[in-house]
Amino acid sequence: MTATPSQRRTPAASAAVLVAVLLIFGAATFVAGLAVGGSRAVAVADDPSAEPSGAAPSTAASPGATPVLETVTCAEPTEAFAVLCETYAEIKGQYVDDVTDEALVDGAVRGMIEYGLEDPYSGYLTPDQYGSALDDLSGEFSGIGAEVGMKNLADPEDLAACTVVTETCAMVIVAPLDGSPAEEAGLRPGDQVLAIDGTSTEGESVSSLVYVVRGEAGTDVTLTIQRGSDTSDVTVTREVIDLHEVSSELLDDGVGYLRLTSFTDRAPGLFTDALQGLIDQGATSFVLDLRGNPGGYIVAAQGIASQFVPQGRLLFTVESDGNVQRWESETGLVQDESVPVVVLVDPGSASASEIVAGALKENDRATILGEPTFGKNTVQIWNDLPNGGGLRLTTDRWFTPDHNSAAPNGIQPDVVVASPADPTSTDDPQLDRALELLAG
């Protein structure tokens, strides 16, 4: 088995970098890292039906030095790999039933990722799963429309200990998408998923569980949810979901309101158009609503933060070889520091949302209002594998302009305002408080 050496990512190749948690949209996504859904991650900003762009996850260059496997064969295995070769030979020669090489390789690769790496955000996808995963950020998918991630309930700072679900390592809902079946069924950020269709989640990785949740539109899936001390079953009917990343509205007193639900490939273009529309209508201050936004492409975060932050740094990424990349602000429409901005966040605001909130906060460009964010500071890339499958691998950690980490406690709001206890309430105390701040 050989592997071709890969080069470090260039800034352009970094367009394929993902900082979402787990998506659960439909075919393969729980969107706070891993999702249960399927969508096209490469749609052009202003044309959802366009051909895939070069920012597709499948084109990402993988980092690091020449892999050790490049020099490994079972004819002359290294000491470490001798046990793998011997195990393969024993299975092929003596196992009671027929087993294909493909099945053994799938199992070996999955075990290497899920048990060899202490990282819940890295994972192996079979060819069918990978095809669905490449669709996750396109804006349309089939599933329940929720995002999930892993939480260490005993020690939040030790996420590396949580590679599979245990009593203390929980699969949690990060956020349901706006108008999604998950939202309509009453799922909320922080809900722990104890079982799926009656089967316990314990002992399984989040990467594998999201594919259990996914399924065809019109079918049901039942999640056993723990919320505080209460446990209940929630049945959700999967649907085809058209993700509307950006919505905007001119509110009273010239306040431009922008809601961003996901950092897809097309989100920066849609966001720029919406922002310009509000400016044309006379907006003189802005509310950026990132509540329940699980993240997405890191370059999308860069483009959206650049709309508000004047020339300067937005974040840093530290790659696997220790190389530090500095991400700078680009051109933007509202970089005038005299224009007031309030950013709304909550526990469903993850990764790319945290990048934007952290950049605006530490550049003194906005007031962050709401509740602490999710707390994810790692970056994943996707790599094609020879069998048509894919490898989702954590390659970087990102840090705010002042070199702070969002993990594990999240971006802390400047003004703390709790969400309504009843998620179906039409009251929005966080937006109300934002409007009060902007009114002076």
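This is a predicted model: local features need pLDDT of at least 70, side-chain atom pairs count only at pLDDT 80 or more; totals for chains, interfaces and linings use all residues.
Reader: Which are the edge strands of the open sheet of six strands?
Author: The sheet has mixed pairing, and its strands follow the order β11-β12-β13-β16-β17-β20. An edge strand pairs on one side only, and this holds for the two strands covering residues 246-250 and 415-416. The edge strands are therefore β11 and β20.

Reader: How many bridges join strand β16 to strand β17, and which residue is the bridge partner of valine 345?
Author: Strand β16 covers residues 341-345 and strand β17 residues 367-370, and the two run parallel. They are joined by four bridges, and the partner of valine 345 in β17 is glycine 370.

Reader: Which strands does helix α8 touch where the helix packs on the sheet?
Author: Helix α8 spans residues 352-362, and its direction makes about 145 degrees with that of β16. In packing on the sheet, helix α8 touches β13, β16 and β17.

Reader: Are arginine 259 and aspartate 289, which meet in a salt bridge, buried or exposed?
Author: Their side chains meet at 3.2 Å, N to O, and because arginine 259 lies in strand β12 and aspartate 289 in strand β13, the pair ties together parts that are 30 residues apart in sequence. Buried means under 20% relative accessible area. Arginine 259 has 12% relative accessibility and aspartate 289 has 1%, so arginine 259 counts as buried and aspartate 289 likewise counts as buried.

Reader: How many residues apart in sequence are the parts that lysine 361 and aspartate 414 tie together?
Author: These two residues form a salt bridge whose closest N and O atoms are 3.9 Å apart. Lysine 361 is partly exposed, with a relative accessible area of 26%, and aspartate 414 is partly exposed at 43%. Because lysine 361 lies in helix α8 and aspartate 414 in the loop between β19 and β20, the parts they tie together are apart in sequence by 53 residues.

Terms used:
Residues are numbered from 1 along each chain as its sequence is written. Side-chain values use heavy atoms; hydrogens and water are left out. Contact means heavy atoms within 4.5 Å. Axes are lines fitted to C-alpha atoms, for helices over the stretch in contact, and angles run from 0 to 180 degrees between N-to-C directions. A salt bridge is a side-chain nitrogen of Lys or Arg within 4 Å of a carboxyl oxygen of Asp or Glu. Buried means under 20% relative accessible area, exposed over 50%, partly exposed in between (1.4 Å probe, protein chains only).
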